[in-house]
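Dear colleague,

Please find below the structure that I am passing on to you. My notes on it follow directly after.

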Amino acid sequence: VIWPIRRAGRLTADYLQDLSRGTLRGWDRFWFTPADPATFCLIRLLAGLMLFYTHLVWTIDLEAFFGPAPWLSVEALEAANPSSYALSYLYYVESPGLLWTLHIAALVVLAMFALGLFSRATSVLAFVITISYANRVPGALFGLDVINALLALYLMLGPSGACYSLDRLIVRWRAGRELPPPRASVSASIAIRLIQVHMCIVYLFAGLGKLQGDSWWDGTAMWLAVGNLEYQSIDMTWLAGWPLLVNLLTHVTIVWEVSYAALVWPRLTRPIVLALAIPLHLGIACFLGMITFGLVMLIGNLAFVPPSIVRTVLSRSGEDRAAVAA
Amino acid sequence: MKTSRKERKGGRTAPAGALAPKVAAALVPSLPVAAGQSVSRPLSPRLRLLISLALLFHLSAVLVAALRVPPMSQLINRAARPIRWYIENTLVNPGYRFFAPNPGPADMMRAEIVPGDGERREKVYPDLSRQWPRLLYHRHFMLTSRLAGNPGDPMVDAFAGSYARHLAARHEASEVRIFRLVHLIPSPEDLQVGGMKLTDPSLFVVQFNSPVGEWTSSGQTPFDATRLTLRVGADSAAALEGEIIGRPVRSSWTWRPARPGGPLGVEFFDEPGGSAVCRADMAGPDGMMLHYPLPGGGMQHVLLRRDPPPLAVYRGEQP
């Protein structure tokens, strides 16, 4: 009678031991295996340009959003959310002169960050700037700002200026010769892994949130998106005559979002998942008037592109040619 | 310090029998390094532990923030409280419910602006013809979408009041009134069969899921002697005044929604906690059927209507 119980106990203990060891090894391997920073640096370049553009657009109506009589006063923010912890240096700026000075300084920092100049310092400043602007005007934010902040947060953790940057060009100019590929590092691994995991969480909750709505089940959600004139940038209302196509687009979108977190990891399914991201986000960019949001989501998806592919595609520089050839 | 090729490809080899790492390695590709690329020195176990704890904290915060969207559990609400400072300052707090639960109609804003010269102007936000590039237009669109609530909601009140003050300053206006404006989405059949356009005026409505406002009976019913004014305030106070079939009526009540979550009805009370003395049913966004018990017995049903109430009115007071 006791033998099967002992046997079951031993199997359970073996399983738990295997599970704990495997988890620890998997965790260690996932986060702490040094990684080539090529993909990470490409993300810095593109996300940096997006951050620069996002903040450049504030310039057009800067005082309306951040000036002395803005759309959203600090008092209104306090009344709407009295227990907020959100920090922003822009809360304390009252003079238009100071506002413009800080804004121009922010644009210079973001341009330097995009180009990879003094990347370590400018990456931290870029994150502070991104959060400060976002926290000052929470009512004007949308998905673009969320993904901008996500990327800015992780870009300051790794060696974002290790390649495709002015920092790298300066080092090469000082050395007077072609340089070997930048060092693979644990910080690059952690940062790129964080972008990957966070993108999975974004898509998972975007998908789960949609499952609460009828239109994502009855297949009409895509019509509700294209039938919204305020979002529309290209008229897609001809879809009214193609209800089955509307259903298909709706179902593909929700299945893709919900399954992204599972299917983007395996080698076999990753290319399919990433390939589907392109029409989906370009569709948002071109048809739903959110060019910046569509593009920034694609930049986030770049985190899943292996550095070797990035180097192959961008192999104009000597160091990349050397790395690809090797 | 250089590592071996095996280490660079994916770390240590798992011992025989340990299936989990093999499965993990197969499922989650490592981040390969280029051949000939130098590799940074491995981190010490203590540093790995510290970084691991920081990663666990951060990812937990991201998950809690993603779950902290209504309807949320008490557990998530409590878990979020001590880390709000973190999730608000990493901007992981807005959740990721893009176009969820359903892509909805566009929440816009109509502003009546009376400048110093007294000539009333009307502006609708967002407006693609005035806000360019598209990102700036979208900023205005997001501002107006925050008004998708009812009068009395602290955020709607605060934001609408702030928008009114901004427009007053911008246009040097003596009065600004902010109204919610919703642009409905027609069905495919409306376009296909009815030939409707997305710009059809009938699609622009003022929508409220709230009885707040001033309601009046038209007096053009068989009971022409019924003329009522019902003022329903955002502060739960309600006042009824006028005549019902020629009988004067004057009451001060408190009110509350009759059926939370269902079609909106309103119950009126003499005292909070007492039983309802009167009730009403919403009949469309701007219609309400008041069921008034007559003193001598019987019930009088009075149809009341309201003009869309402004979300905020600015008349020159200091912010």
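This is a predicted model: local features need pLDDT of at least 70, side-chain atom pairs count only at pLDDT 80 or more; totals for chains, interfaces and linings use all residues.

Strand E12 covers residues 299-306, and two bridges join it to strand E5 of chain B in an antiparallel arrangement.

Strand E6, residues 227-232 of chain B, runs antiparallel to E5(B), and four bridges join the two.

Strand E5 itself comprises residues 213-216 of chain B, and its side chains alternate. B:Trp215 points to one face together with B:Gly213, and both are buried.

A search of the whole structure finds two cavities of 30 Å³ or more. The largest cavity holds about 60 Å³ of space. Its lining is formed by A:Thr54, A:His55, A:Trp58, A:Thr130, A:Tyr133, A:Ala134, A:Leu141, A:Asp145 and A:Asn148. Three elements of chain A give two or more residues each to this lining: helix H2 (38-58), helix H6 (119-136) and helix H7 (143-155).

Which classes of residue make up the lining of the largest cavity? Four of the residues are nonpolar, four are polar and one is charged.

With kind regards

How values were computed. Residues are numbered from 1 along each chain as its sequence is written. Chains are lettered from A and ligands numbered from 1 in the order in which they are written. Side-chain values use heavy atoms; hydrogens and water are left out. Buried means under 20% relative accessible area, exposed over 50%, partly exposed in between (1.4 Å probe, protein chains only). Two strands pair if DSSP finds at least two bridges between them. On a 1 Å grid over the protein atoms alone, a cavity is a set of points where a 1.4 Å probe fits but cannot get out, and a pocket is an open set with protein on both sides within 12 Å along at least five of seven lines; lining residues have an atom within 4 Å of a point. Grid points are joined across faces, edges and corners, and a volume is the space filled by probe spheres set on the points. Ala, Val, Leu, Ile, Met, Phe, Trp, Tyr, Cys and Pro count as nonpolar, Asp, Glu, Lys and Arg as charged, and the others, Gly among them, as polar.
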